[in-house]
Amino acid sequence: MFAKIKTKYVGKKISSYTIDTLIGQGRYGICFLAHSDDNQKVVLKKFKTKMFIKNAKKNEFEAVILSQLQDKRIPQLLGVINEKGFYGFVLEFKYGLTIKELLFKKHHKFSDKEIYEIGSKLIGIIKYLHHNGVVHRDIRIPNVLYDHGDVTLVDFGLARWSNNQYPFDMDYSYLGDFLLYLFYSTFESTKRSKKKPWYVELDLTDDQKQFLKKLLRLEPTYDSIDDVEAIFLKLFKC
Amino acid sequence: MSSFSRSSRGRNYKSGNHGSSHYKKKGLFGDLFEGFGSGSGRRNHNNQNVYETQNLPRNQQAVTNQPINNQNTIVCSSCNSQIPTGSKFCLQCGQKVNISPFCTNCGEKLPPGAKFCLSCGTKVN
């Protein structure tokens, strides 16, 4: 499948961009790395026609939300392309490897210091989003980039303006799950530990466990991202 | 981009009871969704937590920057399509929309929240 898409698109010129490589694909479309005529790297997010028509109204959210946000820690919306059967967004290219790549391709083990650095920076991004009324809803290891200390959050395909249907604590839950991936990078599993939950397996303090339980809603969660930030900085500082 | 809303069924939260068997693995689909990411196949954890139906936190009522639903949409000058309020681009033809405010008297660009034009002093509506 990847090979077929590569053959079809790589090297092809779409609007004023030339496609260099396929970055990835999902249910809703395909992402390409491309460059503009003035050699600026961009990401082209091409929507699958069927999915785009089916979700036409919902697709607006990503464009409108990215249009309203202006921060170096999230990609900017640079344009919309609709030509020759190619419908997609032009997004700012961000450097770095995803946390998923670092964990499962590079087998990187995150130190407590790195977890603190990544966690605090990611919370800073969530804080910016929440203060602007946006809930991301997809804070997962393939959507967080890490590059020499810089953290970037990408893929706003599921982002929404927060309301009763899309409360901010959705992001707390994903943040808790995200942090657990980092903690497990140094965990050596044995056959006997397979069925145990994280709060039994991981060597964390009681306060740290309670913090994560609150994020994951095993206990009443936090009122705001400011509270999450304050507690995280206090409990995980090395 | 999700094809349907799961929040009403309480599925927009991660399960809080996983262990190493979950976090030491890539996931069912491996690299399939990597890099693009809506990843709906793997995000659909049905949370069984006790506090799922608790009252919403206080900040969930305070939402800023959200375009008003019934606000007039802009019509694209290039293709006449309706542009959703707040979008920097026409979602049909890609035409850039100028969303920065400017003085209607002298055309000077206005800083956010300005009540008067800094150039000619005209009151901003």
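The structure is a predicted model. Chain A contains nine helices and 11 strands. Of its 238 residues, 61% are buried. Contacts between residues at least 6 apart in the sequence of chain A were also examined, and 58% of these join residues at least 24 apart.

Two packed helices are described by the angle between their axes and the distance between the axes. In chain A, helix α6 (residues 169-184) packs with helix α9 (residues 225-236) at an angle of about 20°, and the two axes are 12 Å apart. Angles under 35 degrees count as roughly parallel, and α6(A) and α9(A) are therefore roughly parallel to each other. The crossing in which α6(A) passes α9(A) is right-handed. On the side of α6(A), the residues that take part are Y172(A), L175(A), L179(A) and F183(A); these meet I225(A), V228(A), F232(A) and F236(A) of α9(A). The residues of this contact comprise eight nonpolar ones, with no polar and no charged residues.

A charged residue, D155(A), is found in the loop between strands β10 (150-153) and β11 (160-161) of chain A. Residues under 20% relative accessible area count as buried; D155(A), with a value of 8%, is therefore buried. The side chain of D155(A) has polar neighbours in two places. One is the side chain of K45(A), with which the side chain of D155(A) makes a polar contact at 3.2 Å. The other is the backbone nitrogen of G157(A), which lies 3.0 Å from a polar atom of the D155(A) side chain.

Most residues other than glycine have a negative phi. Two residues of chain A with positive values are described here. S15(A), which is not a glycine, has a positive phi near 55°. S15(A) is placed in the loop between β1 (13-14) and β2 (17-25) of chain A. The relative accessibility of S15(A) is 37%, so this residue counts as partly exposed. H148(A) is likewise not a glycine, and its phi is positive, at about 45°. The loop that holds H148(A) runs between β9 (144-147) and β10 of chain A. Exposed residues are those over 50% relative accessible area; H148(A), at 78%, is therefore exposed.

Conventions: Residues are numbered from 1 along each chain as its sequence is written. Chains are lettered from A and ligands numbered from 1 in the order in which they are written. This is a predicted model: local features need pLDDT of at least 70, side-chain atom pairs count only at pLDDT 80 or more; totals for chains, interfaces and linings use all residues. Side-chain values use heavy atoms; hydrogens and water are left out. Axes are lines fitted to C-alpha atoms, for helices over the stretch in contact, and angles run from 0 to 180 degrees between N-to-C directions. Helices (H or I, at least four residues) and strands (E, at least two) are DSSP runs, numbered from the N terminus. Angles under 35 degrees count as roughly parallel, over 145 as roughly antiparallel, 65 to 115 as roughly perpendicular and the rest as oblique. A crossing is left-handed if the near helix is turned anticlockwise from the far one by less than a right angle, and right-handed if clockwise. Contact means heavy atoms within 4.5 Å. Buried means under 20% relative accessible area, exposed over 50%, partly exposed in between (1.4 Å probe, protein chains only). A polar contact is a pair of N or O atoms within 3.5 Å; within protein, one must be able to donate a hydrogen and the other to accept it, and residues adjacent in sequence count only if both atoms are side-chain atoms.
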